[in-house]
Amino acid sequence: MAHNAGEEVDYEGLGEHTGLGINMLAGALAGISEHAVMFPVDSIKTRMQVFSASPAAVYSGIGNAFTRISSTEGSRALWRGVASVIAGAGPAHAVYFGTYEGVKELAGGNREGHQFAATALAGACATITSDALMNPFDVIKQRMQVHGSEFRSGITAAKTIFRNEGLAAFYVSYPTTLTMTVPFTAVQFSAYEYFKDTLNPSGAYSPLTHVTAGGLAGGIAAAVTNPLDVAKTLLQTRGTTTDPELRNARGMVDALKIIGRRDGPKGFLRGLTPRVVTFMPSNALCWLSYEFFKKVMKEYNYI
């Protein structure tokens, strides 16, 4: 049914009254937008986190990495693996936002005031379900991003990893991913709701509010969870190295011990700057896209 242009939509009530289909479709579109736009910076983050014996794969910063990768491998190298992450991001973000809105409503997160516990619970549940779907795609992505990767196709990468390392290779980092992303998402959603309500008490649709709140929430959550992201990268790229200690890392505890022993405390800060630089704008774009698509679909009664 067409939307009456003169009718004002209760925008901030969308989370409570919008159907699951709208939330999931909006989430899928937001996830694809987020990952595609910031992918080159994510590739740099991965390379800066990987332990490499090759001097050619050691970078001093984002600018240095961008210049060297572009000049020696071509700018297309920064986009290797983007198809894999987009293929996974759509379904994973659909599940992510659908779960978030559903659990938030059940937990009372749509009541007046800052419902930190409800939004944190909703964010954690959303992460557990979406990461189970996304983890294999993330492994393929990082195998394609590393310096000297042999893979130019996500399908080829998936087949090779499965043949050489088995199904477990796609989920060896899943416990670490959850350990990282559950607090990441809890912090992100709670911070986002807080900043959104603080910056926009009226609840009117405000793209600037969603961009600002999303960016701040993403930056804070990314910085807090960076040590676990370094461990996750070590586990997901272990099959690309000949270093026996790295190759035999069996889980999060092994990864954290290796990082601490080899690099000390600064090892847990590997890739911090590109991670924050990635998450602030990508999170801002993700929330902007999500709120926009949700608003449009609600206005025109797309269920």
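Student: How many salt bridges does the count come to?
Tutor: The count comes to 19 salt bridges. The rule asks for a side-chain nitrogen of Lys or Arg within 4 Å of a carboxyl oxygen of Asp or Glu.

Student: What am I looking at, and what went into the values?
Tutor: This is a predicted model, where local features need pLDDT of at least 70 and side-chain atom pairs count only at pLDDT 80 or more, while totals for chains, interfaces and linings use all residues. Residues are numbered from 1 along each chain as its sequence is written, and side-chain values use heavy atoms, with hydrogens and water left out.

Student: Which residue does Lys 141 meet in a salt bridge?
Tutor: Asp 42, at 2.8 Å from N to O. The two are 99 residues apart, with Lys 141 in helix α6 and Asp 42 in helix α3 (residues 39–49). Helices here are DSSP runs of H or I with at least four residues, strands are E runs of at least two, and numbering starts at the N terminus.

Student: Is Lys 141 buried or exposed?
Tutor: Lys 141 is buried, at 5% relative accessible area. Asp 42 is buried too, at 12%. Buried means under 20%, exposed means over 50%, and partly exposed is in between, using a 1.4 Å probe and protein chains only.

Student: What does Asp 229 pair with?
Tutor: Lys 45, in a salt bridge of 3.0 Å from N to O. Asp 229 sits in helix α10 (residues 226–236) and Lys 45 in helix α3, so the bridge ties together parts 184 residues apart in sequence. Both residues are buried.

Student: And where does Lys 104 come in?
Tutor: Lys 104 bridges to Glu 101, with the closest N and O atoms 3.9 Å apart. Both lie in helix α5 (residues 82–106), three residues apart, which means about one helical turn between them. An α-helix has 3.6 residues a turn, so residues three or four places apart point the same way. Lys 104 and Glu 101 are both buried.

Student: Which residues do shared partners join into one network?
Tutor: Asp 42, Lys 45, Asp 138, Lys 141, Asp 229, Lys 232 and Arg 275.

Student: Switching to packing. At what angle do α6 and α7 cross?
Tutor: Roughly 100°, with the axes of α6 (residues 116–145) and α7 (residues 154–165) coming within 10 Å. Axes are lines fitted to C-alpha atoms, for helices over the stretch in contact, and angles run from 0 to 180 degrees between N-to-C directions. That makes α6 roughly perpendicular to α7. The classes are under 35 degrees for roughly parallel, over 145 for roughly antiparallel, 65 to 115 for roughly perpendicular, and oblique for the rest.

Student: Which residues make the contact?
Tutor: From α6, Val 139, Ile 140, Arg 143 and Met 144; from α7, Gly 154, Ala 157, Ala 158, Ile 161 and Glu 165. Contact means heavy atoms within 4.5 Å.

Student: What about α9? How many residues does it have?
Tutor: Helix α9 (residues 207–224) has 18 residues and reaches 26 Å from first to last C-alpha, close to the expected 26 Å. The expected span is 1.5 Å times one less than the number of residues. Its buried residues include Thr 209, His 210 and Ala 213. Their cover includes α8 (174–199), α10 and α13 (272–299).
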